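Hello,

Here is the structure I promised to pass on. Please look it over, then read my notes below.

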Amino acid sequence: MAPSRSKKRRPSFRRLLKTSGVKLDNKLRNRQMKRQNCDKKQRKEHRKMRQALKGTALATPRPLDITAKRPEEEEEEEDFLESLPTDMMDDNDLQQMSSFLSRDLSSCGPAHSGKKRKSEVVPGYEKIPRKMAAVAEKEVVHLLPIKDRTRLIPQSMHREVNKQPEEEEEDDDEEEEEAAAAATQEVEMGSAELIDGTTALTPAQQQEARVRKIQDRKLTIARLASTVIAHPVNNVKCVKQLRGMLMEADPCVAVTVRKLAMVSLMEIFKDIVPTYKIRPLTAAEKAAKVKKETQQLREFEEGLLSQYKFYLEDLEQCIRDWKQKKSKRSQAVSLERYSGLAGVAVRCLCELLLALPHFNFHNNILVALAPLMNDPVKTVSDMCCRTFSELFHQDKVGGTSLAAVRVISGLVKSLNFNVRPQVLRTLLSVRIQEALVKKDMKDMTPSVKAMRHKDKKNNLSRMQRKWKKAEEKLQQELLEAEASDSKDKKTKMHTETLNIVFLVYFRILKKAHKSVLLPAVLEGLANFAHLINLEFFDDLLNVLQSLIQSGDLTDRERLHCIQTVFTILSGQGDVLNMDPLNFYSELYAMLPRLHAGTSDDDILIVLRCLDAMLIRRRKRVSLQRAMAFIKRLSGLSLHVQTQASIGLLAATRAALHSFPRCDFLLDNEVQGSGVYLAELPQPEHCNAHNTALWELHTLQRHFHPVVRQLAVHLSRGAPSEGGAVLPLELSRRSPVQLFADYDVKGMTFNPPVAPPGHKKKEVFRVDRWLLDSDLQQLVDDTLRSSQEAELDFSTTRKH
């Protein structure tokens, strides 16, 4: 017989899943609520037990020989009561113990006796005995309670306290030291108040107190600094204490202490900062388990970076307060003395910019110092400009220079070109010239010293020599690949830097060509003209020619324009088919205006222009033009200083070598028709072939030996061999190098002048024609006699 089918419908699988999930959630929620209730109930019972034990301790009668407890003993009792185990007690034990502990034990009668009359109640303080000198002190020590069937019996014992005399003496000494320290502090506070507010102290005493305080602060700074430098990883927290001294509040020593703290922190960071940039750790790196040394290094780097950041913020805030003329809340430093404090802060930022170009927050220092390059205070402005120039000069990679150039460009644009010319002159120190780039790449490229074949043969086997050769070849290829990558990266940085520099220059030429920045712009264009793109040549030449013809430029600015034009034409602009005759005439007419009273920098620019105009373009210069310049240079060398004369004579020698047919200027004979016109501004039509270089004969009697040597050499036709040939140290150096070598800015002769010789006469010579006949006869008799005769000039001779 088939089983009867159930009338209840079987639920579907989806419904079972749904109901099972709801049931599971309800079960978990109920279990969690039950656990919370149990924990809450247990915490409540524990709290009641602690209160009961505490009440019992307070209500426990004190023995007759025990005095009032000290606070330390009460704290020990509370700690002991709280540490009693209550987990092993059930509810009945807790109830009995609470009822037992709630009894009034202050009376001697039973716990449930009737109430006494008020007159029979003895006050509690009357039961406390007076302290006797001979009675030893005792203390109550609570023990674990005894559990009975019906109750808990608390246990305690008495312990005598024998205070030794040595401890008493130590306590007395400590109390005396604390009292002395408090008195000293009160005296110092009183002295500070007297120094600040009243005239109770004499000026000498005030100065004495100030010197003593400064000496104490110096010792503290020295101790903290030496601690940090000795173990930077373990003692980086001392930097925070030093930073706290930047907020010195004592008015009499605030400025000095803050300056010392600033400089000390700067030197500390220069010493302990690593040679790499610290990057922040990712979440995965923080969660990963590392070694103890690695974790210690991470903590050191994190602490160092945070302290360095706070230090830079303090310096920037000091400078900002000085610029905005904000009065400090503490009034510790007046606004008049705040300028010196801000100057030290600027100096610290400059030192950190030069010493730590690789470390974090370097761009923040650049942004903070860039506006100070245009500061009205000349010392601050010169310091910042000098720092940026040194930064450009020492940067061999290009990343730091690129960031600094960007900041300067933004500063010039934001101030609408109202900046000092010195700000733009700092760009002249950027290392983007070809010679400097090649030198930097040579210094940065690592070299591998291969093992000699003799050493390989003596020390290595055949197979080892084979492996050694392959290893050296592979290492050399790797180094070459690394050098090529660094070269490409550096070239990219230099290209971007050069674009920003020329963008600044072209903006000024276009929008502010009448500003005071024009000389600096022209000097920069002359310095970097060989790197200008060929597409800008036509427009730039037209702008420079219009500036020269305007007549608003000085002689030096015109020289910079001429140098820029011929630097362009002697480089990539050589493909341009043009004759810059106007620029030749401009320089030719400008040379007579240079003399010993003008700056030597003008002569240096002239030497660079002559090198680009005559030597590099010798195939495009006519003979008449070359002879005119040689004649004018020889005349100019007569009325300039010594180093300028040497440079001009060296330029004349280079021109004579480039144009050998100009040697007939050394002859007195006339080579053609016409008369030499020295004052004509056109070099092509001055008839320079009808004159001679008579100035060389005059220069041969110059006081300087090098000038005399060059004049003799040129008068002989500048030979390369023979008696009038120049030594190697003069013949192999360019005019610009000779000008720099024999510079007399240090007010010293080069070479030094030999001192006059002292010749001692051994034989006395008598000039007989200076004496009359009687004296001549007397001298002859004296010389003929063998005995020594003494001449007496004090007596008068009778006629």
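Start at Tyr 311. Leaving out residues up to four places away in sequence, Tyr 311 touches Arg 243, Leu 246, Met 262, Leu 265, Met 266, Phe 269, Cys 348 and Leu 352. Bear in mind that this is a predicted model.

Tyr 311 also belongs to the largest nonpolar core, which has 161 residues. Along with Met 262 and Leu 369, Tyr 311 has the most contacts inside that core. Helix H11 (residues 335-355) gives the core its largest share, twelve residues. In soluble globular proteins, nonpolar side chains tend to be buried together.

Next, a helix pair. The axes of H23 (residues 600-615) and H25 (residues 642-658) come within 10 Å and cross at roughly 5°. Angles under 35 degrees count as roughly parallel, so H23 is roughly parallel to H25. From H23, the contact uses Asp 600, Ile 603, Leu 607, Leu 610 and Ile 615. H25 meets them with Gln 643, Ala 644, Gly 647, Leu 648, Ala 651, Ala 654, Ala 655 and Ser 658. Nine of the contact residues are nonpolar, three are polar and one is charged.

Then H6 (residues 203-230). Its 28 residues should span 40 Å at 1.5 Å a residue, and the end C-alpha atoms are 40 Å apart, so the two agree. Buried in H6 are Ala 209, Lys 213, Ile 214, Ile 221, Leu 224, Ala 225 and Val 228.

Last, the whole chain. The protein chain has 30 helices and two strands. Of its 799 residues, 34% are buried. Among contacts between residues at least 6 apart in sequence, 69% join residues at least 24 apart.

Best wishes

Terms used. Residues numbered from 1 in each chain as written. Predicted model: local features only at pLDDT ≥ 70, side-chain atom pairs only at ≥ 80, totals over all residues. Heavy atoms only, no water. Axes fitted to C-alpha atoms, helices over the stretch in contact; angles between N-to-C directions. Helix = DSSP H or I, 4+ residues; strand = E, 2+ residues; numbered from the N terminus. Parallel < 35°, antiparallel > 145°, perpendicular 65-115°, else oblique. Contact = heavy atoms within 4.5 Å. Nonpolar A, V, L, I, M, F, W, Y, C, P; charged D, E, K, R; others polar. Core = buried A, V, L, I, M, F, W, Y, C linked by side-chain atoms within 4.5 Å. Buried < 20%, exposed > 50% of the residue type's maximum accessible area, 1.4 Å probe, protein only. Expected span 1.5 Å × (residues − 1).
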